[in-house]
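Here are a few friendly notes to read with the model open beside you.

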Amino acid sequence: MPSSDSSAAPAEGPIIDARGLGRSFTVSEGPLLRRRRRTVDAVDGVTFQVHPGEVVGYLGPNGAGKSTTMKMLIGLLTPGRGRLRVLGAEPARHRTRLAARIGIVFGQRTTLWWDLPLRDSLALTRHLYRVPPRDHARRLAELTELLELGPFLHTPVRQLSLGQRMRGDLTAALLHDPDLLVLDEPTIGLDVVSKSTIRAFLTRLNAERGTTILLTTHDLGDVERLCRRVMVIDHGRLAYDGDLAGLRDRAPGPRTLVVDLAEPGPPIAVPGARCVRSQGPRQWLELDGNPAAVIAEVARDHQVADLTVQEPDIEGVVARLYKGDAALAADGAE
Ligand SMILES: Nc1ncnc2c1ncn2[C@@H]1O[C@H](COP(=O)(O)OP(=O)(O)OP(=O)(O)O)[C@@H](O)[C@H]1O
């Protein structure tokens, strides 16, 4: 992991402190001659803190307000209301100062110079952040090894695969050794292997360097692999802030009993369960009753080789939360 130097003072207090944060936009709608102006509350009174060393997933359906929040955090947008401090400073007023302590990666855009070889592009970021040459060289060597950039360091950025480019972007965001890493869809469009490389790298970065990470993603694999804490935003409001287990409790879904029979058979029919899938000797039963009673019934009537109860998958949980259950939104946020 890149080693620290004296330029990054240790963070005191929360890394992000947002209180009643809001931002609205005025949009024009309707046919040309009957245009109406409407106010959209993109972020509507959001309160949260992110503490040093946390990895927080920021989830929400399209248009929920994630990007607007992120843009306020990095000083690209001025909040319309509320109070926002990032590393103790007001981002919109101290954007340049904060840039030295924040790393930003937008999965759908690159900060690298398209026509330059990756190595030259990364060299330019040194000047941008005024990193001393020795520190830059040392961190580049470390990140090159960790993210396995060696084989394509001399390739022009435009010729890199998406996964290679993302590793280059992560390197560019980390060469100045930031305290906070803000990631917007860091694994979007990547194949399984590239996703796994990036997730493993981020886990290590957080564990070894204590870098605080805030990421938006639509990929719940990112969340399960990386985030101890999840915030869900919907219609500009925090619908949930807590751990993954709590998220499951808040939007409970059916558990599944996976039954491996001694040999393939017709769908199992027992009270309190419904066979939703079958493949060879394996059957999946959605449980709506007491698992113990269902297991007893299944074992009594069938030759069972193995049984497991699966918790509701996180995709289903989040989908139920996104469906806009007002009660969830009301009691979910702190
Ligand atoms: N510059 C803008 N002008 C007008 N409306 C905007 C602007 N930026 C965002 N909005 C509106 O604010 C709301 C929140 O948008 P935002 O981009 O923050 O959502 P998001 O959660 O990032 O969505 P996605 O997952 O699709 O990126 C949407 O209704 C969007 O149309």
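1. Let's begin in the loop that joins strand 3 (55–59) to helix 1 (66–73), where Gly 65 sits. Please keep in mind throughout that this is a predicted model. Is Gly 65 buried or exposed? Its relative accessibility is 7%, so Gly 65 counts as buried, the cut-off being under 20%.

2. What does Gly 65 touch, once neighbours within four places in sequence are set aside? Its contacts are Ala 42, Val 43, Tyr 58 and Ile 233. Asp 41 is 24 residues away from Gly 65 along the chain, and the two C-alpha atoms are separated by 8.6 Å.

3. Next comes helix 1, which is mostly covered, with 6 of its 8 residues buried. The buried ones are Lys 66, Thr 68, Thr 69, Met 70, Met 72 and Leu 73. Just after helix 1, have a look at Gly 75, whose phi is positive at about 85 degrees.

4. Now for the ligand. It has 13 residues around it, and those that come nearest are Gly 63, Gly 65, Lys 66, Ser 67 and Thr 68. Lys 66 has a polar side-chain atom 2.8 Å from a ligand oxygen atom. For Asn 62, a side-chain N or O atom is 2.9 Å from an oxygen atom of the ligand. His 218 places a polar side-chain atom 3.1 Å from an oxygen atom of the ligand. On its own the ligand would expose 640 Å², of which the protein buries 62%.

5. As background, nonpolar side chains tend to be buried together in soluble globular proteins.

6. With a relative accessibility of 8%, Arg 165 counts as buried. Residues up to four places away in sequence aside, Arg 165 touches Gly 107, Gln 108, Arg 109, Thr 110, Leu 112, Val 157 and Leu 160.

7. On annotation, UniProt (an unreviewed entry) places the feature "domain: ABC transporter" at residues 27–260. In the model, that span is 36% helix and 26% strand, and its end C-alpha atoms lie 56 Å apart.

8. Finally, the whole chain. It has 334 residues, and buried residues make up 45% of them. Its secondary structure comes to 11 helices and 13 strands, and its C-alpha atoms fill a box of roughly 70 × 55 × 45 Å along the principal axes. Among contacts between residues at least 6 apart in sequence, 68% join residues at least 24 apart. The protein chain exposes about 16900 Å², with carbon and sulfur atoms supplying 49% of that area.

Note on methods:
Residues are numbered from 1 along each chain as its sequence is written. This is a predicted model: local features need pLDDT of at least 70, side-chain atom pairs count only at pLDDT 80 or more; totals for chains, interfaces and linings use all residues. Side-chain values use heavy atoms; hydrogens and water are left out. UniProt positions are given in the numbering used here, feature names are shortened, and annotations may be inferred rather than shown by experiment. Helices (H or I, at least four residues) and strands (E, at least two) are DSSP runs, numbered from the N terminus. A residue is near a molecule or strand if one of its heavy atoms lies within 4 Å of it. A polar contact is a pair of N or O atoms within 3.5 Å; within protein, one must be able to donate a hydrogen and the other to accept it, and residues adjacent in sequence count only if both atoms are side-chain atoms. Accessible areas come from the Shrake-Rupley method with a 1.4 Å probe; for residues, only the protein chains shown count as cover. Buried means under 20% relative accessible area, exposed over 50%, partly exposed in between (1.4 Å probe, protein chains only). Contact means heavy atoms within 4.5 Å.
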